[in-house]
Amino acid sequence: MALVVFTGGARSGKSTAAEKLALALVADGRSVTVIVFGRAVETDAEFAARIARHRDDRPAAFATIEASDALGWRDSVSADDVVLLDCLGTLLGRAMEEAWENGEQSVALLDAAADTLPDGYEAAVSRRLDEAVAWLCARAGDTIVVTNEVGDGVVPGWATGRLFRDLLGRANRRLVESADAAYLAVAGRLVDIGSLSPDAHWPQD
């Protein structure tokens, strides 16, 4: 098996690079299943159009699972298929919604700016994300994961935003540590970060 991770900012080219890699495997006779988590809502026409555009642009050779929750999709994946998960950030967003709803909180409050997280909320979200990352890292079949770099900007001004940033940053580190190859997408170009040392060295004269 192989685990390949693509990370980067918005519109950096990470999903395009991941799809190209998956298409190369299709050319070799492999089956690719794409896992996506975006969910259209009646109050956000722009996001619904964005989801439709991604659906139309996705290669016809790919099977697609539009996941309804953060974890249940795993039972629908064949062990022999190449899995392309796009992306870990939207999986985390779904996990945050589920943990909030299970605590009988209003999702509208989550979408606003929660100043204080309910007791047990962070642990509930972390369990969901940790379980997903552990499954991706341990999967027997070939796996491609797209994720987001979200820590390069200002600190979010609300508690849920800070939780999202922190949990995704830690999950990215775990994925790259386990990956056979990892790339940072920057303006449509890829930096091979999988081959870089995790340790700093004092410069020599």
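The structure holds zero disulfides, a disulfide being a pair of cysteine sulfur atoms within 2.5 Å. This is a predicted model, in which local features need pLDDT of at least 70 and side-chain atom pairs count only at pLDDT 80 or more, whereas totals for chains, interfaces and linings use all residues. Residues are numbered from 1 along each chain as its sequence is written, and side-chain values use heavy atoms, with hydrogens and water left out. The protein chain has six helices and seven strands, these being DSSP runs numbered from the N terminus (H or I over at least four residues for helices, E over at least two for strands).

**Overall architecture**

- Along the sequence, the elements of the protein chain follow the pattern β-α-β-α-β-β-α-α-α-β-α-β-β.
- Of the 205 residues in the protein chain, 38% count as buried, where buried means under 20% relative accessible area, exposed over 50% and partly exposed in between, with a 1.4 Å probe and protein chains only.
- Among contacts in the protein chain with a separation of 6 or more, 78% come from residues 24 or more positions apart, contact meaning heavy atoms within 4.5 Å.

**Cysteines**

- Cys87 is buried, at a relative accessible area of 10%, while Cys137 is partly exposed, at 22%.

- An open sheet is formed by seven strands in the order 3-2-4-5-1-6-7, with mixed pairing; two strands count as paired if DSSP finds at least two bridges between them.
- Its edges are strand 3 (63-66) and strand 7, each of which pairs on one side only.
- On average, neighbouring strands of this sheet are turned by 20 degrees against each other, direction ignored, with axes taken as lines fitted to C-alpha atoms (for helices over the stretch in contact) and angles running from 0 to 180 degrees between N-to-C directions.

- Strand 1 (residues 3-8) runs parallel to strand 5 and is joined to it by four bridges; Leu3 has Thr143 as its bridge partner, and Phe6 has Val146.
- Strand 4 (residues 82-86) also pairs with strand 5 in the parallel sense, over four bridges, and here the bridge partner of Leu85 is Val145.

**Strands 6 and 7**

- Strand 1 and strand 6 pair in the parallel sense over five bridges, with Leu184 in strand 6 as the bridge partner of Thr7.
- Strand 6 and strand 7, by contrast, run antiparallel and are joined by four bridges, and Ala185 has Leu190 as its bridge partner.
- The hairpin of strand 6 and strand 7 has two residues between the strands, and in this hairpin Ala187 takes a positive phi near 50 degrees.

**Helix 1**

- Helix 1 (residues 14-27) has 14 residues and reaches 20 Å from its first C-alpha to its last, close to the expected 20 Å, the expected span being 1.5 Å times one less than the number of residues.
- Its buried residues are Lys14, Ala17, Ala18 and Ala22.
- Seen down the axis of helix 1, these buried residues fall within an arc of 135 degrees, so they line one face of the helix; the arc is that of the directions from the helix axis to the C-beta atoms.
- The buried residues of helix 1 pack against several strands, including strand 2 (32-36), strand 6 (181-186) and strand 7 (189-192).
- Lys20 and Ala27, on the other side of helix 1, are exposed.
- Gly29, which follows helix 1, has a positive phi near 90 degrees.
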